[in-house]
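Subject: Structure handover

Hello,

Here is the structure I promised you. Please open it beside this email and follow along.

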Amino acid sequence: MDHKDYMRRALELAAQAGAEGDVPVGCVIVRDGAIVGEGRNRREENGDATAHAELEAIRDACRRLGSWRLHRCTMYVTLEPCPMCAGGIINARVDTVRYGTRDDKAGACGSVLNLFEERFNHHPRLYRGPLERECQEILQDFFQGLREDGAGENG
């Protein structure tokens with residue numbers, strides 16, 4: 001598998017989140033060529049503000065690997081991590097983060113600020129892409145659908 005394959009799996013998870021009414025964000029964590037953690041947004045589903053795809057994937061990977069340290073792991077996430085998730089990534093010692101598209105409102109990997117450049121004890125490598133267009137489209141389609149549903153109810 002390659003970077004695109006892993007991001008495609010993250011997009012599948014994002015689609016599942018969207019189908020459940022959550023913002024469509026998906027995430028996988030890979031070590032040595034194998035997916036060791038998966039997550040998707042479940043804030044609406046669980047009524048939990050911390051149920052972001054990245055944190056779900058981190059929890060899953062930690063359970064599977066039997067350690068809170070995710071050394072030699074790469075995270076693939078469809079949307080740039082927020083500050084909470086960037087903190088989780090730092091604390092879990094994820095080596096590399098690849099995100100699909102920017103989050104100009106809450107992105108903590110360069111869009112609003114870059115927590116990975118601050119004076120923390122761990123600094124993951126950071127890349128945008130692959131599949132940026134696909135990651136943008138799933139979000140745009142979701143929010144367009146919400147706007148259309150809202151206009152139908154009120155109009």
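Start with strand β4, residues 96-101. Six of its six residues are buried, so β4 is largely enclosed by the rest of the structure. Buried means under 20% relative accessible area, exposed means over 50%, and partly exposed lies in between (1.4 Å probe, protein chains only). Strands (E, at least two residues) and helices (H or I, at least four) are DSSP runs, numbered from the N terminus.

Before you go on, note that this is a predicted model: local features need pLDDT of at least 70, side-chain atom pairs count only at pLDDT 80 or more, and totals for chains, interfaces and linings use all residues. Residues are numbered from 1 along each chain as its sequence is written, and side-chain values use heavy atoms, with hydrogens and water left out.

**The neighbours of β4**

Strand β3 covers residues 73-79. Five bridges join β3 to β4, and the two run parallel. Two strands pair if DSSP finds at least two bridges between them. Look at threonine 74: its bridge partner in β4 is threonine 96. Between the two strands the chain passes through helix α4, residues 83-92, and this β-α-β crossover is right-handed. To check that, point the strands away from you: in a right-handed crossover, the path from the first strand over the helix to the second runs clockwise.

Strand β5, residues 125-128, also pairs with β4. That pairing is parallel, over four bridges. Here arginine 98 stands opposite tyrosine 127 of β5. Arginine 98 also lies over the face of tyrosine 127, at 4.2 Å from the ring centre. A charge sits over a ring if NZ of Lys or CZ of Arg is within 6 Å of the ring centre and within 35 degrees of the ring normal.

**The whole sheet**

What is the order of the five strands in the open sheet? The order is β2-β1-β3-β4-β5, and the pairing is mixed. β2 and β5 are the edge strands, each pairing on one side only. From one strand to the next, the twist averages 15 degrees. Axes are lines fitted to C-alpha atoms, for helices over the stretch in contact, and angles run from 0 to 180 degrees between N-to-C directions.

β1 and β3 run antiparallel, joined by five bridges. Valine 28 has tyrosine 76 in β3 as its bridge partner. Helix α1, residues 3-19, lies across β1, β2, β3 and β4 and runs at about 145 degrees to β1. Contact means heavy atoms within 4.5 Å.

**Aromatic pairs**

The structure holds two aromatic pairs. Rings of Phe, Tyr and Trp (its six-membered ring) pair if their centres lie within 6.5 Å; planes under 30 degrees apart count as stacked, over 60 as edge-to-face and the rest as tilted.

Phenylalanine 142 is buried at 14% relative accessible area. Phenylalanine 143 counts as partly exposed at 34%.

**Loops to look at**

Go to the loop between β5 and α5 (132-154), where proline 130 lies. The peptide bond from glycine 129 to proline 130 is cis, with omega near 10 degrees. Leucine 131 is found in the loop between β5 and α5 too. Its phi is near 60 degrees, a positive value in a residue other than glycine. Is leucine 131 buried or exposed? Leucine 131 is buried, with a relative accessible area of 12%.

Aspartate 32 lies in the loop between β1 (26-31) and β2 (34-40). Its phi is positive as well, near 50 degrees. Aspartate 32 counts as exposed, at 61% relative accessibility.

Last, find asparagine 114 in the loop between β4 and β5. Asparagine 114 counts as buried, at 15% relative accessibility. Not counting residues up to four places away in sequence, asparagine 114 touches Ala108, Cys109 and Leu126.

Best wishes
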